[in-house]
Amino acid sequence: MEQKINLMSHLVAGYPTDELAFTAAKALVDGGAAILEIQLPFSDPSADGPAIQGACNEVLKRGYRTKDGLAFIKRIHEAFPQVSIYLMSYGSLVYTPGIKNFCSRAASSGVNGMIIPDLPFDYDEGLTAACKENGMVNIPVAAPSMSPQRLEKLAGAGFPYVYAALRTGITGTDTRISEETISFIEKLRKGGSRIYGGFGISSGKQSAALSGHVEAVVAGSVFVRLITENASSEEALYQAVKNKALELTGCNK
Amino acid sequence: MSFSDNGFFGQFGGKYVAEVLRRPLDELEIAFKEAMADPSFLEELQQIQRDYIGRETPLLHAETASKILGGAQIYIKLEGLANTGAHKINNAIGQCLLAKRMGKKRIIAETGAGQHGVATAAACAKLGLDCTVYMGEVDVRRQQPNVAAMELYGAKVHSVTSGSRTLKDAVNEAMRDWAANPDTTHYVLGSALGPAPFPDIVREFQSVIGKEVKRQAEERHLDVEALIACVGGGSNSIGFFSPFIDEPGPRLIGVEAGGIGPGIGENASRMTGNASRDGILQGYKSRFLIDEDGQALSTRSISAGLDYCGIGPQLAALGKSGRVEFTSALDKEALEAVKFFAKNEGVLFALESAHAGAEAIKLAPTLSPEKAIIVNMSGRGDKDVFITSPVFRPEKWLDFLHAEIERLESDKDIHEAKIME
């Protein structure tokens, strides 16, 4: 059996319902996901593609609040304490209630780290410090389009983890893992940060190509699409999500 | 506070964007600064402002209106006479010239009322650039005349069906497009908001309005008490106010959309409303209509151009410091202002600009006839005929629409249109 690949898988809190989202989380964990990246739905998810944006809008239409998302995260944390949980969302949801306040609530819900793409590492409004105070990590997002100087600045900024978006653009379309991709990851690793790599990852072949270069492979839209397609049957949803997780972790071989 | 300090106006502004957008923003900032220091760029811009936009636009003394209201002399800056019918062309031409200078061949834009989309589409046609305009599905429906114009100028109008299907969703789509295509594409943002350097860029290209007003008022020796402009994102107002900001006077008054009332979701009053908070949304920090979690709230205004949940960061800062005073006008007050100035001055305000006209109607009688107030008519109201006619002349309008449908269904005269395809 090939070596298992570390997988960080994405999930929209409450999508399509809290119960089915919980089923999806269970399927991801059973499929070998080591980390769950749970997105708090936001009205204007400008860095997400149509699959995730659609999911966020569906959840918000139900009147879903931040407190509902954090309660969902807490339930996942209690059910699967062995799995790390990273909260992904946008600056507005973190900044508006107060960053310290938000981080404290997130930490007490079982969140281990925060991924907030529109609070970049040098414009973070105190997020990194507030994460530290609450025993969490802030995980900045890097992009291949970064200038060499900026990339170097981020690599040397002392973050334990960096999320590398492996393609210019938004989530949810295919990404080719090329020599440039690997070179980008290696540049980020130079400062000692461990790298999570994702954006457009949907096949075992892609995750295998990344394995060894990253701490974990990140996959998001592929799961959201499977959840959307199988929302009418809990069993089908569980199987589809688990099978995809097994494929991406290399455990189906 | 004329220019941002590293992208910030006081506590507002910034570049709160995902890393994928950082490089295009940084490149744009450098290119803009270089262009504005290059006399040949400024010369080309001035020439096209004169020959294509039709600058300078007149400053009209609204004598009859002033007499009826019995107070200050009202002057109207007729930006609606600019080619394409609104101030938006000032910025669109400026940014498209900048994009050409940067070697970009493709332009994207977002639009609410449609005036910015029309201006960008026209600027692209004039300068030979490929153009795609994102517009919320709701706005596409209520601003059909502008959609038709954009298509005639050769632009692709992309109807956005996500979220609330209005301006903010069109902005999100445009940002996504830009994030995916930064090397070939320039995003012509239409208002003085969004991530730095857009607030500086849009203000500078719109400041031509204020510079002309200043000169025109001085030539006529006007004792100007106040400048009044409507504020959606705030591009016409910040351009109008720009040369006066660092001076002690006149009063600068921004008028927001009061919609149908003060309730949440009933207006778009970011500075005067009761649902406004400091926030970070769509790449910048400012005042937004957001709930306590930080989710964007729905907004409402009869004018699509004012129906936006955020306000430009410089205006938010100027509001906070007190240099710009903010007030609001209700939908019905804007409609009354359209009627008043049309009948008494022969000037048809766009519904957006009519909010400023409504404030002038309130303010003028409180001032002496020796004083002047200047209203920026940022656009003209031809585009609003589908909104104003059902209000002002509902039966005749219905008859007209029925007759049009009948004519189209019977296929008479349609062969003329087919030639255009």
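**Notebook: helix packing, the chain interface and backbone geometry**

I began with two helices of chain A, and noted that A:Leu151, A:Leu154 and A:Ala155 in α7(A) meet A:Phe184, A:Lys187 and A:Leu188 in α8(A). Sorted by class, this contact of α7(A) with α8(A) holds five nonpolar, no polar and one charged residues. I recorded that the model is a predicted one.

**Entry on helix packing in chain A**

Helix α7 of chain A covers residues 148-155 and helix α8 of chain A covers residues 179-189; they pack at an angle of about 50 degrees, and their axes are 8 Å apart.

Next I turned to α3(A) and α5(A), the latter being residues 99-108 of chain A. How are these two helices placed, at what angle and with their axes how far apart? I found an angle of about 30 degrees and axes 9 Å apart. Angles under 35 degrees count as roughly parallel, so α3(A) and α5(A) are roughly parallel to each other.

I listed the residues in this contact as well. From α3(A) come A:Thr66, A:Lys67, A:Leu70 and A:Lys74, and they meet A:Phe102, A:Arg105, A:Ala106 and A:Ser108 of α5(A). The classes here are three nonpolar, two polar and three charged residues.

**Entry on the interface of chains A and B**

I asked how many residues of each chain are in contact. The count is 35 residues of chain B and 37 residues of chain A. Between them the two chains bury about 3,000 Å², with 49% of that area on carbon and sulfur atoms. In chain B, the residues that lose the most area to chain A are B:Glu19, B:Arg176 and B:Asp293, which together make up 26% of what that side buries.

I counted 14 residue pairs in polar contact between chain B and chain A, both residues at pLDDT 80 or more. The elements of chain B that give two or more residues to the side touching chain A are α1 (22-36), α8 (167-180) and β11 (276-281). The largest share of that side, seven residues, comes from α8(B). By class, the side of chain B that touches chain A divides into 12 nonpolar, nine polar and 14 charged residues.

**Entry on salt bridges**

Side chains of opposite charge can pair when their charged atoms come close. I noted 43 salt bridges over all chains, and five across the interface of chain B and chain A. One salt bridge joins the side chains of B:Lys285 and A:Glu125, at 2.9 Å from N to O. Another is formed by A:Arg65 and B:Asp293, at 3.1 Å from N to O. A:Arg65 lies in the loop between α2 (50-61) and α3 (66-79) of chain A and B:Asp293 in the loop between β12 (284-289) and α11 (313-321) of chain B, so this pair joins two chains.

**Entry on the backbone of chain B**

Most residues other than glycine have a negative phi, and most peptide bonds are trans. I therefore looked up the exceptions to this. The peptide bond from B:Ala196 to B:Pro197 is cis, with omega near 10 degrees; B:Pro197 is in the loop between β8 (185-188) and α9 (198-219) of chain B. B:Gly249 and B:Pro250 are likewise joined by a cis peptide bond, with omega about -5 degrees. B:Pro250 sits in the loop between α10 (235-241) and β10 (251-259) of chain B. B:Thr84 is not a glycine, yet has a positive phi of about 80 degrees; I located B:Thr84 in the loop between β4 (73-78) and α4 (88-101) of chain B.

Technical notes
Residues are numbered from 1 along each chain as its sequence is written. Chains are lettered from A and ligands numbered from 1 in the order in which they are written. This is a predicted model: local features need pLDDT of at least 70, side-chain atom pairs count only at pLDDT 80 or more; totals for chains, interfaces and linings use all residues. Side-chain values use heavy atoms; hydrogens and water are left out. Contact means heavy atoms within 4.5 Å. Buried area is the accessible area (1.4 Å probe) that two parts lose on being put together, summed over both. A salt bridge is a side-chain nitrogen of Lys or Arg within 4 Å of a carboxyl oxygen of Asp or Glu. A polar contact is a pair of N or O atoms within 3.5 Å; within protein, one must be able to donate a hydrogen and the other to accept it, and residues adjacent in sequence count only if both atoms are side-chain atoms. Helices (H or I, at least four residues) and strands (E, at least two) are DSSP runs, numbered from the N terminus. Ala, Val, Leu, Ile, Met, Phe, Trp, Tyr, Cys and Pro count as nonpolar, Asp, Glu, Lys and Arg as charged, and the others, Gly among them, as polar. Axes are lines fitted to C-alpha atoms, for helices over the stretch in contact, and angles run from 0 to 180 degrees between N-to-C directions. Angles under 35 degrees count as roughly parallel, over 145 as roughly antiparallel, 65 to 115 as roughly perpendicular and the rest as oblique.
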